[in-house]
Amino acid sequence: WLFAFILGMAIGGFIGGRTFKRPVNDIPSLWRRRFGDDPTRRYTATFLGGFLILFASRLAGGCTLGLFISGSTQLAVSGLYFGILIFGFAMLTARMVYGKATKEAP
């Protein structure tokens, strides 16, 4: 059932993307300024990010976000500790990828 679920998401996303009337510009301006409009670079970054998430899930023996959500609601030390690590590494990764961003004028 899991394979059918993932396949259905891919097919549905493809059909939705092809039948939407106006073009979707989903490239964030911060990404565009830092890395440009090259789709190969975006697809590579997306693939590597997805691979890391799947690898971490398999390594942890389950959903890594589930540990944070269910563990922190039960006030388990492991869930709280993991949540702190998630946010810390997310901020560090964003700083490494995007650098120090300046606020744009509207």
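From the N terminus on, the elements of the chain follow the order α-α-α-α-α, and the count is accordingly 5 helices and 0 strands, where helices (H or I, at least four residues) and strands (E, at least two) are DSSP runs numbered from the N terminus. The model is predicted, with local features requiring a pLDDT of at least 70 and side-chain atom pairs counting only at pLDDT 80 or more, whereas totals for chains, interfaces and linings use all residues. Residues are numbered from 1 along each chain as its sequence is written, and side-chain values use heavy atoms, with hydrogens and water left out.

The chain has a radius of gyration of 18 Å, whereas a compact globule of 106 residues would have one near 13 Å; the radius is taken over C-alpha atoms, and the globule rule is 2.2 Å times the number of residues to the power 0.38. Along the principal axes, the C-alpha atoms fill a box of roughly 45 × 45 × 25 Å. Of the 106 residues, 8% are buried (buried means under 20% relative accessible area, exposed over 50%, and partly exposed in between, with a 1.4 Å probe and protein chains only).

A nonpolar surface patch is formed by Phe47, Leu48, Phe51, Leu52, Phe55 and Leu59, which together have about 710 Å² of accessible area; patches comprise residues with over 30% relative accessible area and no salt bridge, like charges being joined within 9 Å and nonpolar side chains (Val, Leu, Ile, Met, Phe, Trp, Tyr) within 5 Å. Phe55 lies in helix α3, residues 39-60, and is partly exposed, with a relative accessible area of 48%.

Helix α5, residues 77-98, contains Ala90, which is partly exposed at 43% relative accessibility. The end C-alpha atoms of α5 are 31 Å apart, in agreement with the 32 Å that its 22 residues should span at 1.5 Å a residue, the expected span being 1.5 Å times one less than the number of residues. Just after α5, Gly99 adopts a positive phi of about 75°.

The structure holds 1 salt bridge, defined as a side-chain nitrogen of Lys or Arg within 4 Å of a carboxyl oxygen of Asp or Glu. This salt bridge joins Asp37 to Arg32, with the closest N and O atoms 2.7 Å apart; Asp37 is partly exposed at 47% relative accessible area, and Arg32 is partly exposed at 30%.

Notes:
Areas by Shrake-Rupley, 256 points an atom, 1.4 Å probe, with all protein chains shown as cover.
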